[in-house]
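Trainee: I would like to go through this model with you, one question at a time. Where do we begin?

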Amino acid sequence: MTHPTEGAQDDSEGNYARHVAMLRAQMERGIVGGNRECPYFPCHHPDQDCTFCFCPLYPCGDPLLGEYVVSQRTGGQVWSCQQCLWVHRGDVAASLYALMPELGPEGLDQGTRERLKGELEGKHRRRAKAIMVLGATSGAGKSLMVAALCRALRNRGLTVAPFKSQNMSLNSVVTEQGEEIARIQELQARAAGTRPRGELNPILLKPKGGVTSQIIVEGRPYKDCTVQEYYSDFVRNEAPAIISRNLERLLRSNDVVVIEGAGSPAEINLRGRDVANMYVAKLVHADCLLVVNVERGGAFAYAVGTLALLDEEERRLFKGVIINNMCPGGGSLGPALEIIHTLTGVPVIGEVPHVPDLYLPMEDSMDLDHREEGEGGTVIAVVRLPMISNFTDLDALALEEGVRVAYVRSPAELEGADAIVLPGTKNTVQDLLWLHRSGMAAAIKERAGKVPILGICGGYQMLGRTISDVRGLEGGAPSEVEGLGLLDAATVFDAYAKRTVQVTGSLAEGGGEVRGYEIHMGRTEGRSPPLFLLAPDGRGEGAWDRERKVMGTYLHGAFDLPAFRRLFLSQAGRKDAVPGPPGDHDAQVEASLDRLAFEVEGHLDLDALLGGDARDG
Amino acid sequence: MPCSGVMPVTGKVMFQGVTSGAGKTTLTAALCRHLALQGREVVPFKAQNVSLNSFVTADGREIAIAQAYQAWACGLEPEVDMNPVLVKPKGNGQCQIMLEGRPWRDLGPGEGGPEIIEGLRAHILEAFHRTALGRDAVVLEGMGSPVEMNLKERDVANMWLAKAVRSPVVLVADIEQGGAFAGLYGTYLLFDEEERDLLRGFIINRFRGDASILRTGIEELESRMEVPCLGVLPLVRFASPAEDSLSLSGGVGGRKGDDVRRFWMKELDRLLEEWKGAWDVNRLEALGLRP
């Protein structure tokens with residue numbers, strides 16, 4: 001069985017008559033969106049629109065959309081548009097459907113087809129414009145700049161997608177399809193109004209401790225490898241194809257793709273090993289922007305130095321420098337900025353102020369040491385595990401008024417805390433050994449029954465009696481490690497399998513909506529009553545030992561909705577823990593994205609940035 | 001005075017940072033400590049410091065805690081001439097200017113015209129010459145980035161001073177956030193001829209991992225900037241008095257029952273131990289710190 005449009009179409013008389021018959025049937029069906037009943041769905045990608053399975057514009061002869069190939073049957077030239085996603089975009093399909101004239105058995109003549117295509121091109125790009133945001137340093141503000149641009153462009157009615165070829169992060173989320181991507185790309189997808197999915201962040205590296213990382217490709221665990229293997233083998237042999245196929249699909253199905261770089265593009269010691277910065281920019285001829293953080297000083301030096309260390313071809317792709325995090329109301333760096341243009345040929349196109357009090361997940365940071373977030377009387381001590389991951393789980397707590405989240409690593413720092421959180425980890429066994437070694441395990445046990453103790457994911461596993469790594473999957477010999485024994489539960493790692501799933505449910509006691517996602521290897525079984533009941537079948541999740549005030553869950557993001565936050569803070573002695581705003585996490589994030597986009601658009605000439613035709617990358 | 005007419009020459013070197021928080025303060029303290037342990041009479045000097053963490057000298061003058069710390073590293077009591085100008089932000093863009101350890105005046109945003117700058121410069125040079133007199137060496141610390149082109153005319157602590165006292169300059173870059181090569185090279189490109197002539201080397205600070213991975217990049221930069229790399233310093237967690245909010249570091253513990261100054265010096269000695277072999281102290285000394 002083959003797909004009806006698979007392979008080159010045949011332009012012989014009889015075939016065109018069949019094509020027209022199918023077209024007329026399509027027009028009768030109306031707008032169908034994604035046709036999930038079709039056995040071939042999705043033949044391109046899950047977001048495709050199937051209204052026009054057969055394209056009324058066929059054969060359009062547009063080299064951006066297809067190509068002439070040799071017919072296997074006749075040996076003649078035949079138009080092939082297998083890779084064209086234009087007519088499968090929902091917005092394009094709707095426009096075309098509205099424009100279509102009455103369709104007789106003779107089909108559309110060439111003149112009509114050309115007129116229709118012309119009108120469509122006036123409204124929709126055939127191929128996305130690529131804009132790429134690069135940073136002079138890590139933490140320059142690239143990620144939020146991409147989110148701001150995505151939101152501002154979406155607000156103009158454009159179809160937008162963010163893209164980052166390779167991300168190294170321990171903060172990942174699980175999409176509806178069970179794909180794992182960096183949390184920051186999920187936020188950018190939300191800003192763009194597009195579905196979060198693996199193709200937006202096709203390579204995700206999750207450090208596992210030591211020199212080993214897990215590689216996630218297109219949202220699925222691919223393999224573990226060392227840094228050395230990653231660069232010498234994966235980057236060289238596998239990454240280019242992965243990046244190309246995902247980016248190409250995005251370019252064919254959007255008006256604009258906003259690409260984020262990684263770190264600095266001028267790490268001259270790593271020349272030839274880059275798949276995240278200028279490699280991608282050159283691949284799609286992206287219009288590049290360099291973001292420089294002004295906060296620590298040296299902005300002039302970083303702007304000039306970064307551009308000067310690139311080669312001429314790379315430098316020419318840059319349309320502007322953005323000075324970021326200017327002091328709000330603090331004035332401009334003034335005419336002195338012209339020296340950047342003079343020395344590099346690239347103008348400064350904007351000075352963007354720091355936007356205060358954004359309710360957004362924090363940017364990735366490997367440097368959480370002694371970090372404190374939020375302010376106020378209730379202190380939540382988060383144990384700073386050596387391989388801590390998904391610490392964005394605590395963002396929603398830190399944003400509560402009167403709550404301070406402190407990352408701690410020594411027993412003394414637990415004193416005075418109103419609650420303790422054992423967060424997620426990329427390596428449960430190694431971090432559990434560290435807990436024992438550092439004296440933290442004993443200190444936490446000592447606090448049980450006095451203050452609430454919550455374990456999330458790896459932290460949950462640690463709270464149990466034992467962790468059996470029967471196959472040495474956590475990097476080491478097969479072992480059984482003693483947990484903290486605060487929950488009557490045991491965890492077994494017995495398969496190289498990872499559970500990545502989004503879940504919803506409610507608090508097991510008293511109800512209240514809960515939402516989250518699981519990302520873990522290993523299974524936990526125990527006898528404590530569950531913490532949550534999950535949809536659709538009311539399955540119990542997690543554990544809650546009321547007497548000892550110990551809770552455990554696999555749910556990341558469990559604090560995002562107010563119900564669990566309220567429960568946890570009330571356990572921490574906050575009688576007044578009925579949150580006013582920020583109550584609904586989602587609404588707060590949306591409002592922050594709009595505010596961010598507004599600020600950025602107010603300090604950048606977006607029209608100039610969008611100017612020029614879509615490139616024929 | 002010897003009849004040969006040769007004045008004893010005070011050696012000088014100045015650390016300038018690619019950014020704030022690049023590690024100038026620590027590097028200055030460490031070099032001071034290293035020289036002092038060899039029996040050299042060395043003093044720290046920072047023309048102007050912007051800080052809310054201050055110390056009061058024996059004669060009741062207020063200086064930045066960072067210079068007091070560097071003085072202790074030299075085995076000296078802190079003196080006001082080690083930090084003649086201290087700027088204390090008061091919020092709303094207002095700053096209190098401490099001149100020679102006493103409140104002088106408040107300045108608002110945009111204030112600080114040429115006559116004020118000239119006045120400060122005169123005080124700074126006098127303080128420098130007083131503190132350098134009779135000493136073997138002065139280790140100078142710059143302030144922020146030396147190439148904030150919008151502020152260059154008002155510079156009192158970076159290249160203006162290096163030119164005025166003809167001090168060799170070593171640039172320090174923090175590599176933790178990436179972009180260190182770009183920051184160093186961009187700083188160099190923004191220097192004028194005379195400034196490039198004073199530049200004698202660069203140091204990469206807070207590196208994690210195997211430094212050999214940087215080799216090709218360092219070689220390229222050495223050839224572009226025509227000065228040597230004098231060190232790739234590993235990231236070391238250690239305790240020192242916080243200088244400003246950017247470098248707030250947490251407690252390391254273990255200072256119970258000890259005079260905290262003695263503890264800081266122990267920590268500095270530990271740092272020197274950890275840096276052994278990572279920086280070329282001989283070449284740094286050869287810049288003018290040897291008799």
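What follows is a set of questions and answers on a predicted model.

Trainee: Into which domains is chain A divided, and how many Å separate the centres of domain 1 and domain 3?

Mentor: The division of chain A gives domain 1 at 13-123, domain 2 at 129-359 + 595-610, and domain 3 at 372-581. Taken over C-alpha atoms, the centres of domain 1 and domain 3 of chain A are separated by 52 Å.

Trainee: In what order do the four strands of the open sheet in chain A stand, and which of them are at the edges?

Mentor: The order in chain A is E23-E22-E24-E27, and the pairing is mixed. A strand at the edge has a single partner strand, so one side of it is left without a neighbour in the sheet. In chain A this applies to strand E23 (479-482) and strand E27 (523-526).

Trainee: In which sense do E22 and E24 of chain A pair, and which residue stands opposite A:Thr466?

Mentor: Strand E22 of chain A covers residues 466-469 and strand E24 of chain A covers residues 489-493. Four bridges link them, in the parallel sense.

Trainee: Is A:His436 buried, exposed or partly exposed?

Mentor: A:His436 belongs to helix H12 (residues 428-438) of chain A. Within 10 Å there are 15 other C-beta atoms. A buried residue needs 20 or more and an exposed one has 12 or fewer, so A:His436 is partly exposed.

Trainee: How many Å apart are A:His436 and A:Leu414 in space?

Mentor: In sequence, A:His436 and A:Leu414 are 22 residues apart. From C-alpha to C-alpha, the separation of A:His436 and A:Leu414 is 15 Å.

Trainee: Turning to chain B, which strands stand at the edges of its open sheet of six strands?

Mentor: The order in chain B is E2-E9-E1-E10-E11-E12, with parallel pairing. The twist averages 20° from one strand to the next. Two strands have a single partner strand each, so one side of each has no neighbour in the sheet: E2 (42-45) and E12 of chain B.

Trainee: Which residue is the bridge partner of B:Gln16 in E10(B)?

Mentor: Strand E1 (residues 11-17) of chain B runs parallel to E10(B), joined by four bridges. In E10(B), the partner of B:Gln16 is B:Leu171.

Trainee: At about what angle does helix H1 of chain B run to E9(B)?

Mentor: Helix H1 (residues 24-37) of chain B lies across several strands, including E1, E2 and E9 (137-141) of chain B. To E9(B), the helix H1(B) runs at about 170°.

Trainee: Which elements are included in what covers the buried residues of H2(B)?

Mentor: Helix H2 (residues 65-73) of chain B has nine of its nine residues buried, among them B:Tyr69 and B:Trp72. The cover includes H1, E2, strand E3 (48-50), strand E4 (54-56), strand E5 (62-64) and H8 of chain B.

Trainee: Which element gives the most to the side of chain B that touches chain A?

Mentor: The contact takes 31 residues from chain B and 30 residues from chain A. On the side of chain B, the elements that give two or more residues are helix H5 (180-190) and H7 of chain B. With nine residues, the one that gives the most is H5(B).

Definitions and conventions:
Residues are numbered from 1 along each chain as its sequence is written. Chains are lettered from A and ligands numbered from 1 in the order in which they are written. This is a predicted model: local features need pLDDT of at least 70, side-chain atom pairs count only at pLDDT 80 or more; totals for chains, interfaces and linings use all residues. Two strands pair if DSSP finds at least two bridges between them. Domain bounds come from an automatic or database domain assignment. Two residues are in contact if their C-beta atoms, placed from the backbone, lie within 7 Å. Axes are lines fitted to C-alpha atoms, for helices over the stretch in contact, and angles run from 0 to 180 degrees between N-to-C directions.
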